[in-house]
Amino acid sequence: MSVTIRQIHPVFVGEVAGVVCRRPLSAEDVAAIEAGMDEYAVLVFRDQNFTDEEQLAFTRHFGELESYQTAGHIRKQEDQRLGPGIADFSNLDKHGNILSDRERVWFFKLGDRLWHSDSSFRPIPAKYSLLSGRVLPSWGANTEFADMRAAYDALDARTKAEIEDLVCQHSLIYSREAIGFTDMTPEEIAAFEPVSQRLVRTHPVTGRKSLFLSSHAGAVTGWTVPEARMFLRDLTEHATQREFVYSHAWRPYDLVMWDNRATMHRARRFDRNEVRDVRRTTLAGDAPTVEQIA
Ligand SMILES: [Fe+2]
């Protein structure tokens, strides 16, 4: 078995052949996939029908799983449908029934349709996310990705100089506020305390710079909120022009793996009366992007 990767978008994204993700990988395969991630930032693996345990085992080839004491959502532990290490991005409750459109958990999930980078609201944001499509609705539900390296490269010199050392504040509160969901408990608000992130990141392997944008970003240190929000909105509009965007049309058992340090993504609409069962594993980042003030 040997890994081959074919670029499927003009600026990023590779489709991988020659890998059966549920089988153990050789060191050469792991190295080839990592090199592909460094180059393409998003990799698509087709026909990977695997269990949650096999998805976890595949994920661990590329680092440590992300694990936090505080939740990154408002769904309570006892209401989880899936086991540890697997994040549930379905529209199902713990019994496998479709979530009501009046539930807070559903409102919260809708925020994933805004452009974001996973765990940018964490002091150490995520490295890779791996999303497995198990059951997909008959219409819609694409996942879109935007290349934040290409977006950075396309900025003019003055903007690049201006943003080089800017620091943003990220919180789940900001992204949910953007869709009008502000009904959070004091405990949730405390758990979603904003964290600082650099606006310009440098990839640890390739040295390429990228825009570290996310709808979780709601403030720029030292700026007024209106100025910051307007600037972040402008940058996001720049960064998500169609030339930088790949829209993934899911087939059952696709696995899509992306580098959160170099890309943003968003979910797209689907018929909420149909089941969408997609499951994510997430790899921890190495370090904060800025020194966090306790
Ligand atoms: Fe996400």
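**Note on the iron site, sheets and aromatic pairs**

1. H265 is buried, with a relative accessible area of 5%. Here buried means under 20% relative accessible area, exposed means over 50%, and partly exposed covers the range in between, computed with a 1.4 Å probe on protein chains only. The model is predicted, so local features need pLDDT of at least 70 and side-chain atom pairs count only at pLDDT 80 or more, while totals for chains, interfaces and linings use all residues. Residues are numbered from 1 along each chain as its sequence is written, and side-chain values use heavy atoms, with hydrogens and water left out.

2. What coordinates the iron ion? The donors are H116 (NE2), D118 (OD) and H265 (NE2), at 2.1 Å. A donor is an N, O or S atom within 2.8 Å of the metal (3.2 Å for Na, K and Ca); water is not among the atoms, and sites may therefore look incomplete. Along the sequence, the donor residues follow the spacing H-x1-D-x146-H. H116 lies in the loop between helix 3 and strand 5 (128-135), whereas H265 belongs to strand 14, so this pair ties together parts that are 149 residues apart in sequence. Helices (H or I, at least four residues) and strands (E, at least two) are DSSP runs, numbered from the N terminus. Like H265, which is buried at 5%, H116 counts as buried, at 5% relative accessibility.

3. Strand 14 also takes part in a sheet. Three strands form this open sheet, in the order 12-6-14, with antiparallel pairing. Two strands pair if DSSP finds at least two bridges between them. Strand 12 (245-248) and strand 14 (263-267) stand at the edges with a single partner strand each, so one side of each has no neighbour in the sheet. Neighbouring strands are turned by 20° against each other on average, direction ignored. Axes are lines fitted to C-alpha atoms, for helices over the stretch in contact, and angles run from 0 to 180 degrees between N-to-C directions. Strand 6 (residues 143-147) and strand 14 run antiparallel and are joined by 5 bridges. A146 has M264 in strand 14 as its bridge partner.

4. Is strand 13 (residues 255-259) mostly covered or uncovered? It is mostly covered, as 5 of its 5 residues are buried. L255, M257 and D259 point one way from strand 13, V256 and W258 point the other way, and all are buried. Strand 3 (residues 42-45) runs antiparallel to strand 13 and is joined to it by 4 bridges; V42 has W258 as its bridge partner there. Strand 5 also pairs with strand 13 in the antiparallel sense, over 5 bridges. Opposite D259 in strand 13 stands Y128.

5. The structure holds 9 aromatic pairs. Rings of Phe, Tyr and Trp (its six-membered ring) pair if their centres lie within 6.5 Å; planes under 30 degrees apart count as stacked, over 60 as edge-to-face and the rest as tilted. F107 and F181 have ring centres 5.9 Å apart and planes at 65°, so their pair is edge-to-face. This pair links distant parts of the chain, 74 residues apart: F107 is in helix 3 (residues 104-110) and F181 in the loop between helix 6 (172-177) and helix 7 (186-191). F107 counts as partly exposed at 29% relative accessibility, whereas F181 is buried at 6%. Together, F107, F108, F181 and F192 form one aromatic cluster.

6. Another aromatic pair, W223 and F231, is stacked, with 5.2 Å centre to centre and 25° between the planes. W223 is partly exposed, with a relative accessible area of 27%, and F231 counts as buried at 14%.

7. Two rings have a charge over them. A charge sits over a ring if NZ of Lys or CZ of Arg is within 6 Å of the ring centre and within 35 degrees of the ring normal. The charged end of K109 is placed over the ring of F89, 5.6 Å from its centre. R122 has its charged end over the ring of Y68, 4.1 Å from the centre.

8. H216 is found in the loop between strand 10 (209-211) and strand 11 (217-220). At 3% relative accessibility H216 counts as buried. Its side chain is joined to that of S175 by a polar contact of 2.8 Å. A polar contact is a pair of N or O atoms within 3.5 Å; within protein, one must be able to donate a hydrogen and the other to accept it, and residues adjacent in sequence count only if both atoms are side-chain atoms.
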